[in-house]
Amino acid sequence: MSWQDERIDMNVYSQGEVDRWVYSTCNICSVGCGCHVAVKDNQIVGIKGNGNHPINRGRLGPKGENQWYANNSPDRLLTPLIRNHAGQLEPASWEEAMALIVTKAKASIAKQGSNSIAIYSTGQAYLEDYYTIAKIGRAGLHTHLLDANTRLCTATTEFCLLQSFGADGTPASFDDVDVTDTLMLFGHNVAETGTVLHERIMQRKEREGHPYIIVVDPRLTLTARNADLHLQLRPGTNVALLNGLTHILIRDGYVDQSFVDQYTIGYDQMAAAVQDWTPERSSEVTGIPVDQLEEAGRVIGQTTSMVTTTLQGTFQSADATTACVAINNMHLLRGLIGKPGCGPLHMAGQPSSSANRTAGGVGTYPAQRNPMNPQHIEEMATLWNVEPDTLPTGPEKGIEEQIDMIEEGKVTFFWNIGTNPMVSLPNRRRARKALEKIFVVVQDPFLTETAKVADVILPVALWGEKEGTMENADRTINILRKAVEPPQGVKSDLQILLDFADRMELKDKDGQPLIGYSTPEECFEEWKTVSSGRPCDMTGMTYDKLEQSNGLRWPTNDQHPEGTPRLYSDYKFPTHADYAQSYTKDQFSGRPLSHDEFVKKEANGRAILHPTRYLAPTEQPNQDYPMWLTTGRLVWHWHTRTKTARAPHLQMAAPNGYVEIHEDDAAAMSIVQGEVVRIRSPRGWIEVPARIGKAVQKGLVFVPFHYGSWEGNQAANELTADFTDPLSKQPTFKQAACRIEKLRKEHIVIGEESAEYIAEQYNMTVEHLLQANRLNTPYDIQMGQSLEVPISVLNTPVPPYIPQRGRA
């Protein structure tokens with residue numbers, strides 16, 4: 001373990017000692033840090049890290065330390081709201097709200113069929129919620145239109161694992177990060193998106209000199225600044241880089257041919273696909289110098305152990321699943337999987353998005369069952385006691401496809417649970433226009449931007465106010481105990497779902513209520529039965545054991561009573577046709593393969609090497625939009641700031657959006673630090689202050705995506721394109737074309753106005769006034785001269801976060 005010692009991070013505001021500390025897990029990122037919730041007078045008043053939890057040994061990131069403020073926010077919703085005939089939201093009783101929802105759901109089904117209802121959920125709820133959504137959606141409503149914000153943050157993890165290994169579940173774990181010789185962080189700015197994991201990595205690095213860190217990112221992030229080798233590639237060229245590295249592995253004899261021959265299929269086709277990807281060609285496309293490519297190839301080829309992490313820089317980029325499959329290919333070629341310090345560790349964005357995939361709240365069926373496999377459908381029908389032919393089957397439909405269906409009039413009822421798509425979806429104005437046409441339910445603690453399209457809003461309990469389990473990025477299942485009751489008039493997600501099922505009179509084939517449980521723990525016990533015998537088997541878990549063990553990684557069963565630190569240690573992969581979670585898809589078109597096509601591959605327990613073809617991003621800079629746009633997260637905020645903006649420290653640290661511009665581009669356009677500029681893409685525009693430096697490449701701008709109010713004109717997703725990856729259907733937020741427009745007004749110099757006087761009138765420095773007008777000295781300003789003055793200059797500092805706050 002990297003941690004040599006515990007360090008208890010704490011953030012508590014209380015008059016006197018707290019009354020009790022309640023066991024829980026952080027509900028922000030996917031690292032899954034253990035914590036305790038502080039309770040005073042039956043109110044949450046703070047948090048401290050759990051020193052015994054192996055994930056964090058008491059450490060917490062800035063977002064985690066401040067997450068509890070949202071619970072006490074004065075603007076929490078305390079009653080349902082219904083939009084009246086005048087278009088205004090007004091308070092309503094739970095009876096009125098649920099009755100309206102049920103009436104609309106039944107009408108939608110009667111008029112247009114089951115697939116007129118879509119449920120779009122979150123990556124921040126609990127496994128029990130997701131499983132209940134799966135059961136209600138598929139066995140009750142018979143709709144196959146279940147998706148979640150996981151489509152935006154972690155869908156590519158799932159689909160690359162299906163392609164290569166036959167089932168979901170990331171092979172490596174955080175334990176492997178502690179012992180690996182080489183760590184490749186591919187599109188994963190861990191210093192800002194998973195601060196505790198970054199600290200864990202860096203403390204070991206400082207102590208042992210290991211691991212050798214390779215960072216792949218077009219930006220010079222805090223993570224990249226700590227790397228041994230930063231591969232600063234051009235936007236959208238991940239596959240070109242990986243093909244070049246794979247070419248080097250084959251060229252220089254680094255392939256473990258014995259492992260490949262015994263445990264994989266598809267080598268010849270994969271090798272042929274990279275034959276022409278010489279370092280020179282890869283360099284030409286990616287912009288990475290040949291010597292850096294050769295060094296990376298040498299390190300990967302000679303290392304005895306390697307962990308590769310990926311996150312949104314890979315998942316939300318062009319050729320997302322292909323890039324992640326190429327990473328899986330590298331591990332298989334080197335035989336670096338299934339043993340300590342080895343394997344791909346494809347991350348998750350939100351704290352429990354992995355649980356949503358596992359429990360079937362999204363595209364595939366619960367416990368990694370294949371919706372294309374009649375045998376798996378029979379299994380689910382038996383477990384749920386329903387007729388098999390009532391369960392929807394076939395390929396999943398992601399949120400972007402659901403937006404298409406809304407526009408086509410096929411979906412008329414949209415239930416949005418615990419997420420804020422009017423900020424997080426790409427090309428969001430298109431999505432808003434679609435949702436305004438239909439009946440929308442929003443389930444959220446606050447009036448988010450998505451409330452603008454809601455017909456009914458249901459107030460829900462937050463972290464600390466309900467009980468359940470979450471699955472973090474490395475398959476660890478954690479328990480979150482209920483610390484306090486939610487505010488009066490507020491219900492948990494699970495309570496609302498159970499109430500809906502009861503009001504809809506959802507029954508099994510014997511006429512009994514479809515949902516037979518009433519508490520989260522009862523739900524988990526049923527879920528365990530559903531998971532039995534599947535890759536994610538959790539039959540060896542209980543709520544009490546999860547707390548006593550500080551989390552357990554699945555599978556946890558009779559064969560693995562203490563969980564499983566890494567998958568495939570026996571080199572047996574779930575690729576038998578009757579067991580696999582997927583028959584996979586065509587690697588290039590995304591077309592789902594049939595059972596017979598999959599059988600012909602003859603994987604039968606072996607991993608699958610796929611050829612990886614590079615395709616440039618669909619949208620490219622051009623004459624009208626000459627620059628690249630990319631988006632991402634900040635260390636101080638999470639997702640759409642629904643919770644973090646309500647934490648005073650986090651909001652003060654980063655209250656506004658901005659755009660990062662390379663200093664050479666800024667100089668060429670005479671843009672000054674803090675000047676408000678307009679960023680325009682083919683889809684829309686925003687106005688944000690400029691932060692000038694070297695964090696981005698020339699020709700690239702970066703906008704954090706957290707800021708999305710309809711009034712503020714700072715939403716990055718006004719600009720992003722809604723193209724999706726053909727396999728995972730994950731949108732490509734990371735590449736769009738844009739241009740920068742200066743917002744200036746004219747000042748005519750009168751009389752003997754000095755530079756100091758003019759700058760003061762516009763709240764500018766003299767230096768900025770001169771820069772904006774390409775003047776060298778104040779004496780260059782002459783009477784009658786026309787000067788350009790930015791309409792606004794804002795101070796946009798974002799305080800640095802130093803993860804290593806102490807030595808452990």
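Domain bounds here come from an automatic or database domain assignment. The structure is a predicted model. Its protein chain is divided into domain 1 (10-72), domain 2 (81-154 + 352-506), domain 3 (171-346 + 583-608), domain 4 (617-742 + 794-808) and domain 5 (744-790). The C-alpha centres of domain 3 and domain 4 are 27 Å apart. The two domains touch: 33 residues of domain 3 are in contact with 30 residues of domain 4.

Residues 19-75 are annotated "domain: 4Fe-4S Mo/W bis-MGD-type" in an unreviewed UniProt entry. Over these residues the chain is 7% helix and 35% strand. The end C-alpha atoms of the 19-75 span lie 26 Å apart. The annotation "domain: LysM", again from an unreviewed UniProt entry, covers residues 745-789. That span is 31% helix and 18% strand. The end C-alpha atoms of residues 745-789 lie 5 Å apart.

Helix 5 (residues 155-165) packs on helix 16 (residues 320-334) at an angle of about 45°, with the axes 9 Å apart. Helix 5 is therefore oblique to helix 16. Their crossing is right-handed. From helix 5, the contact draws on Thr156, Phe159, Cys160, Leu161, Gln163, Ser164 and Phe165. These meet Ala320, Thr321, Cys324, Val325, Asn328 and Leu332 in helix 16. By class, the contact of helix 5 with helix 16 holds eight nonpolar and five polar residues, and no charged ones.

The next pair is helix 13 (residues 279-286) and helix 14 (residues 290-302). Their packing angle is about 120°, and their axes are 9 Å apart. This angle makes helix 13 oblique to helix 14. Helix 13 crosses helix 14 in a right-handed sense. Pro279, Glu280, Ser282 and Ser283 of helix 13 make the contact with Val290, Leu293 and Glu294 of helix 14. Three residues of this contact are nonpolar, two are polar and two are charged.

The last pair is helix 19 (residues 399-407) and helix 21 (residues 428-435). Their axes come within 9 Å and cross at roughly 45°. Helix 19 is therefore oblique to helix 21. The crossing of helix 19 with helix 21 is left-handed. Helix 19 contributes Glu400, Ile403, Asp404, Ile406 and Glu407 to the contact. Helix 21 contributes Arg430, Ala431, Ala434 and Leu435. By class, the contact of helix 19 with helix 21 has five nonpolar, no polar and four charged residues.

Backbone geometry was considered next. Most residues other than glycine have a negative phi, and most peptide bonds are trans. His210 and Pro211 are joined by a cis peptide bond, with omega about 0°. Pro211 sits in the loop between helix 8 (195-208) and strand 10 (212-216). A cis peptide bond also joins Trp554 and Pro555, where omega is about -5°. Pro555 is in the loop between strand 20 (552-553) and helix 25 (595-601). Gln368, a residue other than glycine, has a positive phi, near 60°. Gln368 lies in the loop between helix 17 (353-359) and helix 18 (374-384).

Technical notes. Residues numbered from 1 in each chain as written. Predicted model: local features only at pLDDT ≥ 70, side-chain atom pairs only at ≥ 80, totals over all residues. Heavy atoms only, no water. UniProt positions renumbered as here; feature names shortened; annotations may be inferred. Helix = DSSP H or I, 4+ residues; strand = E, 2+ residues; numbered from the N terminus. Axes fitted to C-alpha atoms, helices over the stretch in contact; angles between N-to-C directions. Parallel < 35°, antiparallel > 145°, perpendicular 65-115°, else oblique. Left-handed = near helix turned anticlockwise from the far one by under 90°. Contact = heavy atoms within 4.5 Å. Nonpolar A, V, L, I, M, F, W, Y, C, P; charged D, E, K, R; others polar.
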